[in-house]
Every structure is written in C-alpha cells, then in structure tokens.
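Biologist: I would like to learn how to read a model like this one. Please give the general idea each time, and then the case at hand.

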Amino acid sequence: MAQHGLYQPKIADEHIRQLYQWAKRLEMPMTRLVNTLIEHALVRLEQGAEQVSDPPAKNYHRRKTRPKENR
C-alpha cells in the first residue's frame, strides 16, 4: 500500500541523465544505482568524511548547458 504524504524530492534533470548513463554502463537498474550511491554517501556523512555544506571539489564542475553537437 502506498504511503500518502511522503516527501519525494525532485532530482535535477542533469543528475537523472548522468544516473541513467551510469546505470546503463554498469548494467544495473537506475533505482539500485541511486540507492547504492545514497547508502554510500550517508555512511560517509555519518563518519564525518564529507561536509555537504562545503563547496564541491575543485575538479568538479556542473555543466550549465548541453554541448552543441557537431553537424
């Protein structure tokens, strides 16, 4: 039975695209990939290994737009 009123946050479209591509590469369902990533991240947060309030690592950058394809 579905739970009513359960908060389900929206995942950014760019993350969905990347998750989909990784799931295909790893030949696993996207939901399993997402749950595994969240599980690992939560363990690291609990261990104090990650500070989510800090800015992303220097080598990380989010692409604001999709690159134009060569025609």
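Biologist: What share of the residues in the protein is buried?

Modeller: Buried means under 20% relative accessible area, exposed means over 50%, and partly exposed lies in between (1.4 Å probe, protein chains only). In this protein, buried residues make up 7% of the 71 residues. The model is predicted, so local features need pLDDT of at least 70 and side-chain atom pairs count only at pLDDT 80 or more, while totals for chains, interfaces and linings use all residues. Residues are numbered from 1 along each chain as its sequence is written, and side-chain values use heavy atoms, with hydrogens and water left out.

Biologist: How many helices and strands does the protein have?

Modeller: Both are DSSP runs numbered from the N terminus: helices are H or I with at least four residues, strands are E with at least two. The protein has two helices and zero strands.

Biologist: Why is the span of α1 said to agree with expectation?

Modeller: The expected span of a helix is 1.5 Å times one less than its number of residues. For the 14 residues of α1 that gives 20 Å, and the span agrees because the end C-alpha atoms are 20 Å apart. Helix α2, residues 30–46, has 17 residues and reaches 24 Å, close to the 24 Å expected.

Biologist: What is the phi of Glu27, and where does Glu27 lie?

Modeller: Glu27 lies in the loop between α1 and α2. Its phi is near 55°, a positive value in a residue other than glycine. Glu27 is exposed, with a relative accessible area of 73%. Just after α2, Gly48 also takes a positive phi, of about 80°.

Biologist: Which residues form the largest nonpolar core?

Modeller: In soluble globular proteins, nonpolar side chains tend to be buried together. A nonpolar core is a set of buried Ala, Val, Leu, Ile, Met, Phe, Trp, Tyr and Cys residues joined through side-chain atoms within 4.5 Å. Here the largest has five: Leu19, Ala23, Met28, Leu33 and Val34. Helices α1 (13–26) and α2 each supply at least two residues of this core.

Biologist: Which residues does Leu19 touch?

Modeller: Contact means heavy atoms within 4.5 Å. Not counting residues up to four places away in sequence, Leu19 touches Met30, Leu33, Val34 and Leu37.

Biologist: Is Ile38 buried or partly exposed?

Modeller: Ile38, in helix α2, is partly exposed, with a relative accessible area of 44%.
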